[in-house]
Amino acid sequence: MNYLDLDAVAPEAEFTLKLNGKKHALKVATVETFIQNMQDLESLSINANAAEELKVALAIVKRAFPTIPDEDLNNLTVLQVKAIADYAMQANGEKVEKIEEGAEGKEQEAN
């Protein structure tokens, strides 16, 4: 009998965010997460204010990096939150844009 082993094709996070000395792996978006993110984005009206946009960006970041404490997220700048949300959505295939080279830091580990 032929079958498709979905466990064998489950994607792993290929992006890690380092914040306050701690590493946080990107949680790969599930169908549910994708739908929540799209619904949040669609809920923004054309006249949405900056606070509404930031709340949506924070929700996206929290879903993508659930290990980051709220206190740490709340101490980020607005630009950092938006950059993390955009990067997470691109990495998860939710947003189709070219990620600029050099936008992500590459950490070299000593052997």
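1. Start with the outside of helix α1. Val31, Glu32, Glu42 and Ser43 are exposed, and they sit on the face of α1 turned away from its buried side. Keep in mind that this is a predicted model.

2. Now the helix itself. α1 runs over residues 31-43, which makes 13 residues. From its first C-alpha to its last, α1 reaches 18 Å. That is close to the 18 Å expected at 1.5 Å a residue.

3. Next, the inward side. Which residues of α1 are buried? They are Thr33, Asn37 and Met38.

4. The largest nonpolar core has 21 residues. Leu17, Val61 and Phe65 touch the most other members. At least two residues of this core come from each of β1 (16-19), α2 (50-64) and α4 (78-91).

5. Leu17 deserves a look of its own. Leaving aside residues up to four places away in sequence, Leu17 touches Lys22, Lys23, His24, Phe65, Ile68 and Ile84. Phe65, one of these contacts, is also among the core residues that touch the most other members.

6. Then the rings. How many aromatic pairs does the structure hold? There are two. One joins Phe15 and Phe65 and is edge-to-face, at 6.0 Å centre to centre with 65 degrees between the planes. Phe15 lies in the segment before β1, and Phe65 in the loop between α2 and α3 (70-74), so the pair ties together parts that are 50 residues apart in sequence. Both Phe15 and Phe65 are buried.

7. The other pair is Phe15 with Tyr87. Its ring centres are 4.2 Å apart. The planes stand at 35 degrees, so this pair is tilted. Tyr87 belongs to helix α4 while Phe15 precedes β1, so the pair links parts 72 residues apart in sequence.

8. Are Phe15 and Tyr87 buried or exposed? Phe15 counts as buried, because its relative accessibility is 16% and the cut-off is under 20%. Tyr87 is also buried, with a relative accessible area of 16%.

9. Taken together, Phe15, Phe65 and Tyr87 form one aromatic cluster. Phe15 takes part in the edge-to-face pair with Phe65 and in the tilted pair with Tyr87.

Definitions and conventions:
Residues numbered from 1 in each chain as written. Predicted model: local features only at pLDDT ≥ 70, side-chain atom pairs only at ≥ 80, totals over all residues. Heavy atoms only, no water. Core = buried A, V, L, I, M, F, W, Y, C linked by side-chain atoms within 4.5 Å. Buried < 20%, exposed > 50% of the residue type's maximum accessible area, 1.4 Å probe, protein only. Helix = DSSP H or I, 4+ residues; strand = E, 2+ residues; numbered from the N terminus. Contact = heavy atoms within 4.5 Å. Expected span 1.5 Å × (residues − 1). Phe/Tyr/Trp six-rings, centres within 6.5 Å; stacked < 30°, edge-to-face > 60°.
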